Amino acid sequence: MSHPTEPDFRLAVVALGGNAVYPKGIRGTAEEQFEILERTCAQLARMAAGGYRLALTHGNGPVIGNILIRMAMASTVVPPMPMDVCVADSQGGMGYMIQQSLAGALLAAGVPAPVVSVVTQVEVDADDPAFRHPSKPVGPFYTPEEAERIAGRTGWEFRDDAGRGHRRVVPSPPPKAIVEIEAVRRLVEAGVVPIAAGGGGIPVTRQADGRYRGVAAVIDKDLTGALLALGLGAGLYINLTGVDSVALDFGTPAERPVPRLSVAEAKAHLEAGQFAEGSMAPKIRAAVQYVEKGGGTMIITSLERVEAALEGKAGTRIVLES
């Protein structure tokens, strides 16, 4: 099957950030997460009722941290699982919750459609420099003594995180390809709503014989979302986050929202340090990659403002030219 050449502006890849799935302040029980997802999926169902076809991806934020906590605490009883398996675990659990919640919301909105979670591998380059310099903090904070003890049992690498404690660090290479993209594309064409590449995807490298092998890494979820949107030929890549729109001079008296950015403007603001790493900068980089490669329009907004953003009344649109 040929790769999509023209973006379909009625097909939207929606990336659910932490606030849409697992906001700060909750204990993290399944009941809490289902309650939050009911509200999230009601918004998505309204999009579907308005004529949009959907494909979803999501972060795995605190969930992967919780998995690592359980493993660290149980490491003297059961062997810890490698990072690729942990990401797969988070995809399965979170995918199930989103899948059930969205299917129910679509049914209530009068647009029932099958919703399927795809445990998704994402290829990274085995020779990427990130593997020689692990830098991505994951999981909880530990004292130096706790970190040393856990490292001795597991072989994990720890590093001080800005004086707040020691955290495990893993490589964070950029995504090269989504292994199951053809399967996800066929699901979309069949009228199925897929949930794919959660948490940035399960990190794998391609072996000489063509097979894949998991690696200990975390892939940037925003870049993977851009890759998913491009691979599906989606005309919209919507990144739902904790703010209504991108802002310049964020957190200062001069803070101002930006309703629209060209790729050139986005690059210039990135270069000037306008966007914080670990916050808005990865989303802007993903937007640049998606739009430059012919994907269409990226919208960055909050869940509450997504409908207004689709009408051009809220959020920030990143486009090829202003």
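This briefing walks through the helix packing, strand pairing and salt bridges of the structure above.

The model is predicted, so local features need pLDDT of at least 70 and side-chain atom pairs count only at pLDDT 80 or more, while totals for chains, interfaces and linings use all residues. Residues are numbered from 1 along each chain as its sequence is written, and side-chain values use heavy atoms, with hydrogens and water left out. Helices (H or I, at least four residues) and strands (E, at least two) are DSSP runs, numbered from the N terminus.

**Helix 3 and helix 4**

- Two packed helices are described by the angle between their axes and the distance between the axes.
- The axes of helix 3 (residues 61-74) and helix 4 (residues 83-108) cross at roughly 125° and come within 9 Å; axes are lines fitted to C-alpha atoms, for helices over the stretch in contact, and angles run from 0 to 180 degrees between N-to-C directions.
- That angle makes helix 3 oblique to helix 4; angles under 35 degrees count as roughly parallel, over 145 as roughly antiparallel, 65 to 115 as roughly perpendicular and the rest as oblique.
- The crossing of helix 3 and helix 4 is right-handed, a term for the near helix being turned clockwise from the far one by less than a right angle (left-handed if anticlockwise).
- From helix 3, Val63, Ile64, Ile67, Leu68 and Met71 meet Met83, Cys86, Val87, Asp89, Ser90 and Met94 of helix 4, where contact means heavy atoms within 4.5 Å.
- The residues of this contact between helix 3 and helix 4 divide into 9 nonpolar, 1 polar and 1 charged; Ala, Val, Leu, Ile, Met, Phe, Trp, Tyr, Cys and Pro count as nonpolar, Asp, Glu, Lys and Arg as charged, and the others, Gly among them, as polar.

**Helix 7 and helix 9**

- Helix 7 (residues 221-232) and helix 9 (residues 281-292) have axes that come within 8 Å and cross at roughly 20°.
- That makes helix 7 roughly parallel to helix 9, and their crossing is right-handed.
- Among the residues making the contact are Leu223, Ala226 and Leu230 of helix 7, along with Arg285, Ala286 and Tyr290 of helix 9.
- By class, the contact of helix 7 with helix 9 has 8 nonpolar, 1 polar and 4 charged residues.

**An open sheet and its helices**

- Three strands form an open sheet of 3 strands in the order 5-7-6, with antiparallel pairing; two strands pair if DSSP finds at least two bridges between them.
- Strand 5 (136-142) and strand 6 (158-160) are the edge strands, each pairing on one side only.
- Neighbouring strands of this sheet are turned by 40° against each other on average, direction ignored.
- Strand 5 is joined to strand 7 (residues 166-170) by 4 bridges, and proline 137 stands opposite valine 169 in strand 7.
- Helix 3 packs on this sheet, touching strand 5 and strand 7, and its direction makes about 55° with that of strand 5.
- Helix 5 (residues 144-154) lies across strand 5, strand 6 and strand 7, at about 115° to strand 5.

**Partners of strand 1**

- Strand 1 (residues 8-16) pairs in the parallel sense with strand 12 (residues 234-241) over 6 bridges, and alanine 15 stands opposite asparagine 239.
- Strand 1 also pairs in the parallel sense with strand 2 (residues 53-58) over 6 bridges, where valine 13 has alanine 55 as its bridge partner.

**Salt bridges**

- The structure holds 16 salt bridges, each a side-chain nitrogen of Lys or Arg within 4 Å of a carboxyl oxygen of Asp or Glu.
- One of them joins lysine 176 and glutamate 123 (3.7 Å, N to O).
- Lysine 176 lies in the loop between strand 7 and strand 8 (177-178) and glutamate 123 in strand 4 (residues 121-123), so the pair ties together parts that are 53 residues apart in sequence.
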